[in-house]
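Visitor: Please show me the structure, and then let me ask about it.

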Amino acid sequence: MIRCHLARLMGEHKMRISDVMRETSLSRTTITLLYKETALKVDLDALDKLCDLFNCSLSDILERMPNNGKSRTFNPKFHQK
């Protein structure tokens, strides 16, 4: 599972969604999905803008967490060259 720490970063910097929108030119939808951790995919440019805004690394925004026993199995036939 991937966790997004945008809400924590925004809280630490006392920023609202509208502030992040203004500073990054990202859409309200993009920021809200990341803030609520409901995004299914994220644009790399959006992540880059957030890293610039908060002067942080990507690992400060996104973190991979264990799936609590719900691991995906690796299927080599899908990864053949």
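This is a predicted model: local features need pLDDT of at least 70, side-chain atom pairs count only at pLDDT 80 or more; totals for chains, interfaces and linings use all residues.

Visitor: In what order do the elements of the protein chain run from the N terminus?
Guide: The chain has five helices and two strands. Helices (H or I, at least four residues) and strands (E, at least two) are DSSP runs, numbered from the N terminus. From that end, the order is β-α-α-α-α-α-β.

Visitor: What share of the residues in the protein chain is buried?
Guide: Buried means under 20% relative accessible area, exposed means over 50%, and partly exposed lies in between, with a 1.4 Å probe and protein chains only. Of the 81 residues in the protein chain, the buried share is 25%.

Visitor: At what angle do helix 2 and helix 3 pack?
Guide: Axes are lines fitted to C-alpha atoms, for helices over the stretch in contact, and angles run from 0 to 180 degrees between N-to-C directions. The axes of helix 2 (residues 17-24) and helix 3 (residues 28-35) are 10 Å apart, and the angle is about 125°.

Visitor: What word describes helix 2 relative to helix 3 at that angle?
Guide: Angles under 35 degrees count as roughly parallel, over 145 as roughly antiparallel, 65 to 115 as roughly perpendicular and the rest as oblique. The angle of about 125° therefore makes helix 2 oblique to helix 3.

Visitor: How do the residues of the contact of helix 2 with helix 3 divide into nonpolar, polar and charged?
Guide: Contact means heavy atoms within 4.5 Å. Helix 2 supplies I17, S18, V20, M21 and T24, and helix 3 supplies R28, I31, T32 and Y35. Ala, Val, Leu, Ile, Met, Phe, Trp, Tyr, Cys and Pro count as nonpolar, Asp, Glu, Lys and Arg as charged, and the others, Gly among them, as polar. The division is five nonpolar, three polar and one charged.

Visitor: Which residues make the contact of helix 2 with helix 4?
Guide: The axes of these two helices come within 10 Å and cross at roughly 105°. Helix 2 and helix 4 are therefore roughly perpendicular to each other. The contact is made by V20, E23 and T24 of helix 2, and by K49, L50, L53 and F54 of helix 4.

Visitor: Is T24 buried or exposed?
Guide: T24 is in helix 2. Leaving aside neighbours within four places in sequence, T24 is in contact with I31, K49, L50 and L53. With a relative accessible area of 6%, T24 is buried.

Visitor: How far apart in space are I61 and C4?
Guide: I61 is in helix 5 (residues 58-61) and is buried, with a relative accessible area of 0%. Not counting residues up to four places away in sequence, I61 touches several residues, among them C4, L6 and L50. I61 and C4 are 57 residues apart in sequence, and their C-alpha to C-alpha distance is 5.6 Å.

Visitor: Is M21 buried or partly exposed?
Guide: M21 is in helix 2. Not counting residues up to four places away in sequence, M21 touches L26, S27, R28 and I31. At a relative accessible area of 26%, M21 is partly exposed.

Visitor: What is the phi of K14?
Guide: K14 is in the loop between helix 1 and helix 2 and, at 73% relative accessibility, counts as exposed. K14 is not a glycine, yet its phi is positive, at about 50°.

Notes:
Residues are numbered from 1 along each chain as its sequence is written. Side-chain values use heavy atoms; hydrogens and water are left out.
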